[in-house]
Amino acid sequence: MNNFLVIGHRGASGYEPENTLRSFEKALELGCSWIELDVHVVGDQLVVIHDDDLSRTTDGFGLVSTSSFNYLRSLNAGKGEQVPILQEVLDLVGQRCRVNIELKGRGTAKLLSTLLRKRSSKRDQFLVSSFDHTELVQMNPRFRRGAIWNQRVNSLVEKTIALYADTLVVEQSLISASLVEEAQGANLQILGYTINEPADIREMLRLGLNGIFTDFPDQAILLSKSP
Ligand code: G3P
Ligand code: MG
């Protein structure tokens, strides 16, 4: 399917440690035109890490939000990689791909709005999304927004539009033909996560989604180009 977005989830996290520079480079090598990453605030920095807690993805312990920046940077995030700051990822990718930045905690929207201010002429390069809709609406409105949903709620499409979002990001089990039709009928793009199984990728293509988040982007790119 043309224009089907294959978004490298936390980079190419099926192959490399998630949310590391190594993972983002791998996603580019595999042909991703979009990558997704998660940001938290530590000190005055946006750091690229998924969980609230350090223990799953690093050799450290404790909450990300109460860690010092120096401690966080001393940790091994896998294969000797550091937890990157957002600026490092943006420097790495340059103009090679588009970037979906997922806000994971309080204060992320304000800091990101400041960081991206000088890039607002390139705003099409970014999509800012979050489960935390209170945080999402604080993002500079010049940037595209995606509202993420992981539970069945009434009027998903209307609620997404009310957040001034142009993208509906939904967990796989919530996706249906009627939701795709309703979203696209309201001029929203609809993206599904996290779609890794070939049969599920084919189903998303059949349903006409605008794209998916996947840990194995090479596989999804191949399937999306298959007749
Ligand atoms: O935005 C899609 C996906 O990244 C949301 O879930 O938990 O992987 O950040 P999570
Ligand atoms: Mg995410």
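**Entry 1. Residue classes and the shell of ligand 1**

For this entry I count Ala, Val, Leu, Ile, Met, Phe, Trp, Tyr, Cys and Pro as nonpolar, Asp, Glu, Lys and Arg as charged, and the others, Gly among them, as polar. I note at the outset that the model is predicted.

The residues around ligand 1 are His-9, Arg-10, Glu-36, Asp-38, His-50, Glu-102, Lys-104, Phe-131, Ile-148, Val-169, Tyr-193 and Phe-213. Sorted by class, this shell holds 5 nonpolar, 2 polar and 5 charged residues.

**Entry 2. Polar contacts and cover of ligand 1**

I next looked up distances from the oxygen atoms of ligand 1 to polar side-chain atoms. For Glu-36, I found a polar side-chain atom 2.7 Å from an oxygen atom of the ligand. His-50 likewise places a polar side-chain atom 2.7 Å from a ligand oxygen. For Asp-38, an N or O atom of the side chain is 3.2 Å from an oxygen atom of ligand 1.

How much of ligand 1 does the protein bury? Ligand 1 taken alone exposes 290 Å², and the protein buries 92% of that.

**Entry 3. The pair Tyr-15 and Phe-216**

I turned to the aromatic rings, where the count comes to 3 aromatic pairs. One of them is formed by Tyr-15 and Phe-216, with 5.3 Å from centre to centre and 90 degrees between the planes. I record this pair as edge-to-face, because its planes are over 60 degrees apart.

Which parts of the chain does this pair tie together? Tyr-15 belongs to the loop between strand 1 (5-9) and helix 1 (21-29), and Phe-216 to the loop between strand 9 (211-214) and helix 9 (217-225), so the pair links parts that are 201 residues apart in sequence.

I found Tyr-15 partly exposed, at a relative accessible area of 35%. Phe-216 is also partly exposed, at 27%.

**Entry 4. The pair Phe-131 and Tyr-193**

I looked up a second pair, Phe-131 and Tyr-193; the ring centres are 6.1 Å apart and the planes stand at 80 degrees, so this pair is edge-to-face. Phe-131 lies in the loop between strand 5 (126-130) and helix 5 (133-136), and Tyr-193 in strand 8 (residues 189-193), so the pair ties together parts 62 residues apart in sequence.

Are these two residues buried or exposed? Phe-131 is partly exposed, with a relative accessible area of 33%, whereas Tyr-193 counts as buried at 14% relative accessibility. I note that Phe-131 and Tyr-193 are both among the residues around ligand 1.

**Entry 5. A charge over a ring**

Finally, I returned to Tyr-15. Lys-26 lies over the face of this ring, at 5.8 Å from the ring centre.

Conventions:
Residues are numbered from 1 along each chain as its sequence is written. Chains are lettered from A and ligands numbered from 1 in the order in which they are written. This is a predicted model: local features need pLDDT of at least 70, side-chain atom pairs count only at pLDDT 80 or more; totals for chains, interfaces and linings use all residues. Side-chain values use heavy atoms; hydrogens and water are left out. A residue is near a molecule or strand if one of its heavy atoms lies within 4 Å of it. A polar contact is a pair of N or O atoms within 3.5 Å; within protein, one must be able to donate a hydrogen and the other to accept it, and residues adjacent in sequence count only if both atoms are side-chain atoms. Accessible areas come from the Shrake-Rupley method with a 1.4 Å probe; for residues, only the protein chains shown count as cover. Rings of Phe, Tyr and Trp (its six-membered ring) pair if their centres lie within 6.5 Å; planes under 30 degrees apart count as stacked, over 60 as edge-to-face and the rest as tilted. Helices (H or I, at least four residues) and strands (E, at least two) are DSSP runs, numbered from the N terminus. Buried means under 20% relative accessible area, exposed over 50%, partly exposed in between (1.4 Å probe, protein chains only). A charge sits over a ring if NZ of Lys or CZ of Arg is within 6 Å of the ring centre and within 35 degrees of the ring normal.
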